[in-house]
Amino acid sequence: MAAQAIRLFRKMDGLFAVYKPQGVHWKHVRDSIESNLLKALNSCPPPAPQHAVQFQLLSSGENSSSSKDLALSPTMVPTLADHPLVTGPQFHKVHVGVGHRLDAFSSGVLVLGVGKGNGVLEHLCKSHVTRDYTLEGEFGKATDNFTDTGRVIEKTTYDHVTQDKLERVLAMIQGANQKALITYSQVDLRTQEAYELAVRGLLYPHGKSPPILTGLRCIHFNPPHFSLEVQCVNETQKYLRKLIHEVGLELRTCAVCSGVRRTRDGPFKVENALTRQHWTADSIIQAIAHFHKTTRRIRKSGMYRQTAGQMNSSAEVQEQIRSQTGQSEQINQDEFSSSTSDTVVDRETPVTMSEGRTKHR
Amino acid sequence: MALVSLRSCGRLGFHLGLRAYATRPVGTPRKREQQDDTPVFQYVGQHRKLQGKVFVWGFSYTGALGIPSFVVPDSGRKKPRKYQLTPYRLDTEQKISSAACGYGFTLLASNSRDLTKLWGMGLNKDSQLGFQRTQHDRHKSYDYVLEASPVSLPLVNPQETRALQVSCGRAHSLVLTDSEGVFSMGNNAYGQCGRKIVEDEVFRFSHSICPAPLVLGSVYACGWGADGQTGLGYHNKASCPVPVGGDLAGVKVQQVATYGDCSLAVSTDGHVFGWGNSEYLQLASVTEATQISSPWLLALRGVGRVRQAACGGTQVAVLNEEGEVFVWGFGILGKGPKLSESAIPERFNPTVKVSSIRCGLNHFAAITDRGELFVWAKNVRGCLGIGKHDDQYFPWRVTVPGHVTDVACGVDHMVALVRSII
């Protein structure tokens with residue numbers, strides 16, 4: 001029945017996460033998801049053809065062949081107006097939108113929105129959710145595009161690099177980024193409210209800001225290979241590859257990035273991301289249902305931010321957003337596994353030296 | 001230093017010859033053999049030692065930062081840089097082990113046995129940097145020293161003695177050596193240099209650097225005493241170092257801090273003694289009087305064993321054994337714009353461990369055990385080094401490329417001794 005296709009279509013409203021493989025442009029992922037959804041929608045059995053009464057000139061009766069008596073008789077004839085071969089497939093477009101994009105070299109969680117979920121995607125992008133990346137690096141060479149597939153520009157020795165030195169360099173980079181969190185929060189630091197927020201670690205970048213790393217640590221060190229885990233806001237993957245290169249420079253050697261893998265985008269984690277075999281309508285609808293609550297929360301916080309944005313002081317805006325709905329950190333924290341252990345530098349180094357601990361990353 | 005090691009490859013010459021004539025079309029992948037003959041550079045060896053660096057920032061017109069191009073630009077088109085708002089590297093020939101900032105001048109000391117142990121830059125109108133002979137006149141000394149210039153000390157054994165620590169006041173300086181005691185130079189109008197006050201002495205172009213006899217463990221004071229800051233029990237000037245009595249008699253002191261008119265001493269068992277000006281509630285925990293002329297034991301509740309104390313002009317900070325910082329006094333204390341004065345010690349975030357705390361006239365500096373430098377309070381002419389002229393009402397990190405080991409705070413400039421990370 002047509003109703004089945006329409007029922008299926010109504011279920012496709014929301015956000016879900018997909019695992020984008022490396023080497024694939026995000027647009028191809030989006031296109032293949034869309035075509036899979038359309039295939040599923042259009043492969044639903046077509047509605048039973050409607051019948052219409054048609055007066056046909058039919059030869060009357062059984063005493064037929066030679067007789068030329070043609071009489072108008074009403075017959076139920078299927079109308080062809082709704083036939084799929086006439087109208088074409090019922091669905092030719094499904095709105096599939098992409099959240100924070102991933103470039104072709106990177107892989108990992110890619111959030112897509114279908115139907116009404118596209119509006120929520122916008123709220124997700126505007127909310128300053130952090131993203132988790134695992135960066136693989138290799139010491140010893142420098143290339144023109146910071147990856148291991150580029151043209152080699154320089155080769156250096158790396159036998160002097162120890163994990164201790166790497167940790168020190170990462171701590172220094174993170175210290176510089178901690179300041180940026182408050183600097184780009186667009187609050188007047190001379191006010192008492194700003195001080196209270198800063199002390200509790202609730203100041204966050206507001207509006208346009210450069211890429212800021214809220215957390216950085218080394219999870220694996222086996223020269224020349226090493227892995228970093230990064231939590232960041234407002235980043236691009238090229239910036240992260242450049243970060244690997246700069247870590248190499250600080251250690252007086254060179255480093256290239258051999259992989260960028262996004263493991264979390266806000267509340268969407270890699271465990272819940274669909275792999276290629278599961279890019280079918282059924283799995284997608286299941287995933288949408290799984291993220292239903294999260295989607296609702298993002299939508300609510302987005303609407304709240306819109307109304308709160310009309311206030312004057314952005315410190316008040318920040319405070320209201322944090323205190324009343326507490327979205328981002330809840331979104332991040334509830335769904336966040338505590339796999340990032342206690343050696344995460346950012347948790348132990350509060351943003352300022354004042355009272356309180358950061359809840360944020 | 002780069003040590004270039006070329007991988008020798010039998011076909012190297014052949015490939016080089018090839019490259020000289022043939023061009024590879026764009027987009028074709030390189031052959032693997034061609035990738036192997038890129039030279040490998042070594043920038044740093046395995047046993048590289050950590051380097052000591054010096055960073056300066058603040059007001060530069062007196063030459064206190066030691067960078068001449070800030071005051072007298074290299075080219076005519078450039079303008080002099082009045083404020084250096086972020087840390088700037090100062091190139092030094094030797095590793096600097098101790099630094100001190102006074103009012104518009106800086107002293108750097110190195111721990112070595114070389115003949116040159118001390119460098120000074122900045123204001124020299126009272127000969128606080130010794131006699132810096134001018135190029136054109138043997139009997140005149142420079143009023144402003146723009147570059148770190150050696151300060152010669154009249155040592156008995158210049159090739160054996162080491163300079164351990166330097167300290168600067170408003171217009172005088174003190175140098176501590178390991179075997180020849182303390183030397184002082186500069187303005188002696190109140191006897192602060194520890195030598196006899198000469199009426200109407202002219203300190204410009206002065207050559208006098210004199211040693212002072214002292215005993216370990218006890219506190220000596222000399223100088224102006226109108227606010228009781230000498231702690232000698234009277235309010236006159238003292239021109240010779242006199243041991244301080246009061247509650248400090250017989251107490252072994254590990255550290256003394258003073259700035260402006262208030263002084264604090266920390267004993268080896270963690271008690272704090274204070275004397276001098278108390279108009280800004282620095283000593284309000286023991287007394288309501290505004291001037292205390294002999295040391296009193298400060299009973300600070302909740303502070304525990306004190307490891308280090310630092311005095312500013314109107315505010316005071318102490319650091320206890322657990323690495324917690326307590327501040328009190330008047331001014332921007334570092335807990336927001338509302339807290340502008342406090343008579344009782346206010347504590348900062350205990351999760352961050354602080355290893356050392358310093359005070360300038362109007363600002364604080366704290367070094368955490370991770371080697372990060374945090375500064376706060378009044379930003380006089382860019383002395384905080386945070387990149388802006390605004391006052392800072394809570395501790396703010398100063399971005400320095402390395403681990404900060406020590407910092408010296410002056411009125412409007414600061415010097416940081418930094419150890420490199422790699």
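Helices (H or I, at least four residues) and strands (E, at least two) are DSSP runs, numbered from the N terminus.

## Ground rules

What you have here is a predicted model, where local features need pLDDT of at least 70, side-chain atom pairs count only at pLDDT 80 or more, and totals for chains, interfaces and linings use all residues. Residues are numbered from 1 along each chain as its sequence is written, chains are lettered from A and ligands numbered from 1 in the order in which they are written, and side-chain values use heavy atoms, with hydrogens and water left out.

## What the UniProt records list

Let's start with chain B. Residues 116–179 of chain B come out at 0% helix and 39% strand, with 16 Å between the end C-alpha atoms.

For chain A, an unreviewed UniProt entry gives "domain: Pseudouridine synthase II N-terminal" at residues 93–237. Over that range the chain is 28% helix and 33% strand, and the end C-alpha atoms are 30 Å apart.

## Two four-stranded sheets in chain B

Two strands count as paired if DSSP finds at least two bridges between them. One open sheet of chain B runs E15-E16-E17-E18, four strands with antiparallel pairing. Its edges are strand E15 (253–259) and strand E18 (291–298) of chain B; each has a single partner strand, so one side of each is left without a neighbour in the sheet. Neighbouring strands here are turned by 15° against each other on average, direction ignored; the axes behind such angles are lines fitted to C-alpha atoms, for helices over the stretch in contact, and angles run from 0 to 180 degrees between N-to-C directions. Zooming in, strand E17 (residues 272–277) of chain B pairs with E18(B) in the antiparallel sense over five bridges, and B:Phe273 has B:Leu297 in E18(B) as its bridge partner.

Another open sheet has four strands in the order E23-E24-E25-E26 (chain B), again with antiparallel pairing. Strand E23 (354–359) and strand E26 (392–398) of chain B are the edge strands, each pairing on one side only. The twist averages 20° from one strand to the next. A hairpin takes the chain from E23(B) to E24(B) through three residues. Five bridges join E23(B) to strand E24 (residues 363–368) of chain B, the two running antiparallel, with B:Cys359 opposite B:Phe364 in E24(B).

## Where chain B meets chain A

How many residues of chain B are in contact with chain A? There are 43 of them, facing 37 residues of chain A, where contact means heavy atoms within 4.5 Å. Together the two chains bury about 3700 Å², 62% of it on carbon and sulfur atoms; buried area is the accessible area (1.4 Å probe) that two parts lose on being put together, summed over both. On the chain B side, B:Phe394, B:Arg397 and B:Ile422 lose the most area to chain A, together 18% of what that side buries.

Nine residue pairs are in polar contact across this interface (both at pLDDT 80 or more). A polar contact is a pair of N or O atoms within 3.5 Å; within protein, one must be able to donate a hydrogen and the other to accept it, and residues adjacent in sequence count only if both atoms are side-chain atoms. The elements giving two or more residues to the side of chain B that touches chain A are strand E2 (40–42) and E26 of chain B. E26(B) gives the most, with six residues.

## Salt bridges

The rule finds zero salt bridges between chain B and chain A, while the count over all chains comes to 24. A salt bridge is a side-chain nitrogen of Lys or Arg within 4 Å of a carboxyl oxygen of Asp or Glu.

The peptide bond from A:Pro223 to A:Pro224 is cis, with omega near 5°. A:Pro224 lies in the loop between strand E9 (212–222) and strand E10 (225–233) of chain A.

Terms used:
UniProt positions are given in the numbering used here, feature names are shortened, and annotations may be inferred rather than shown by experiment.
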